[in-house]
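Dear colleague,

I am handing over the structure shown below, and my notes on it follow. Please read them with the model open beside you.

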Amino acid sequence: CLDPGIDAAARAPGGHRVGAGAAAAAAAARGAKPEAGGGVAMAAANDAAGGYRVLVPIADGSEEIETSCITDTLTRAGAAVTVASVMPRAEEGDLVCTMSRNLKVVADAAIGSCAGDAWDLIALPGGMPGAKHLKESAALQALLASQRDSDRLFAAVCAAPAVALAGNGLLEGRRATCYPAPALREALPQASDDLVVKDGNVITSQGPGTSLLFALRCVEALYGKGKADELAAEMLVPVAQPEAATREA
């Protein structure tokens with residue numbers, strides 16, 4: 001899990017902090033974006049420029065394991081990861097979020113400061129009431145709508161697919177999965193039992209125990225299957241799953 005006293009900002013493979021300014025420069029320099037349906041556009045150019053830009057919104061009550069798996073795995077892949085608090089107090093400079101099991105995580109930025117930027121992927125952890133806070137953030141929902149409309153990737157795990165995505169109409173016409181509680185599954189327009197589902201530019205998964213597979217599927221969508229398999233081997237992730245476990249719609 002993220003250390004409560006450590007800035008959760010992304011670090012490049014050499015150990016240097018990747019701030020928003022550096023990530024923006026990288027995005028401008030590379031002139032390429034991932035393909036929503038999978039695969040990579042100009043992957044080598046992206047790696048040389050510093051990696052894709054990933055936004056991970058969090059709130060009070062977000063799930064720690066899922067947040068850590070998303071941020072850690074995508075940072076390992078080479079992405080410039082920004083953790084943003086959606087809590088209103090963040091706009092006043094208080095970036096600490098108390099997670100679902102009381103771990104305190106310091107975000108990199110307030111969500112409002114991320115609104116004018118373009119993101120290659122926005123990935124939402126679950127947890128309650130964290131997912132409810134994500135649903136109620138107008139700034140985040142505007143960013144997610146932009147991802148949907150521009151065919152850029154967005155993703156969610158656990159309660160977030162049902163609450164923060166389906167709850168705002170962002171999963172219409174899409175197969176998705178979530179934490180297997182009846183009330184959450186009923187909120188999905190097309191519910192799946194698979195552990196991880198990618199349908200177009202949307203990736204969803206079920207919970208803390210599937211969050212590494214979820215994060216690796218996000219890596220695959222950005223960097224390709226080879227990179228995801230490389231990371232899975234390095235991280236000792238057992239990827240031999242039932243055939244339907246990580247199905248693409």
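A residue is called buried if its relative accessible area is under 20%, exposed if over 50% and partly exposed in between, with a 1.4 Å probe and protein chains only. By that definition, buried residues make up 53% of the 249 residues in the protein. Please keep in mind that this is a predicted model, in which local features need pLDDT of at least 70 and side-chain atom pairs count only at pLDDT 80 or more, while totals for chains, interfaces and linings use all residues. Residues are numbered from 1 along each chain as its sequence is written, and side-chain values use heavy atoms, with hydrogens and water left out.

The protein has nine helices and eleven strands, where helices (H or I, at least four residues) and strands (E, at least two) are DSSP runs numbered from the N terminus. With contact meaning heavy atoms within 4.5 Å, 69% of the contacts between residues at least 6 apart in sequence join residues at least 24 apart.

Seven of the strands form an open sheet of mixed pairing, in the order β5-β2-β1-β6-β7-β11-β10; two strands pair if DSSP finds at least two bridges between them. The edge strands, each of which pairs on one side only, are β5 (109-110) and β10 (196-199). Within the sheet, β1 (residues 53-58) and β6 (residues 121-124) pair in the parallel sense over two bridges, and Leu55 stands opposite Ile122 in β6.

Turning to the helices, the axes of α3 (residues 64-77) and α8 (residues 211-223) come within 9 Å and cross at roughly 35°, the axes being lines fitted to C-alpha atoms over the stretch in contact, with angles from 0 to 180 degrees between N-to-C directions. The residues that make this contact include Ile65, Cys69 and Leu74 of α3 and Phe214, Val219 and Leu222 of α8. They divide into 13 nonpolar, two polar and one charged, where Ala, Val, Leu, Ile, Met, Phe, Trp, Tyr, Cys and Pro count as nonpolar, Asp, Glu, Lys and Arg as charged, and the others, Gly among them, as polar.

Helix α8 also packs with α9 (residues 225-234), at an angle of about 145° and with their axes 7 Å apart. Here Leu216, Val219, Glu220 and Tyr223 in α8 meet Lys225, Lys227, Ala228, Leu231 and Ala232 in α9, and these residues divide into six nonpolar, no polar and three charged.

Finally, Pro88 is found in the loop between β2 (80-85) and β3 (96-98), and at 64% relative accessibility Pro88 counts as exposed.
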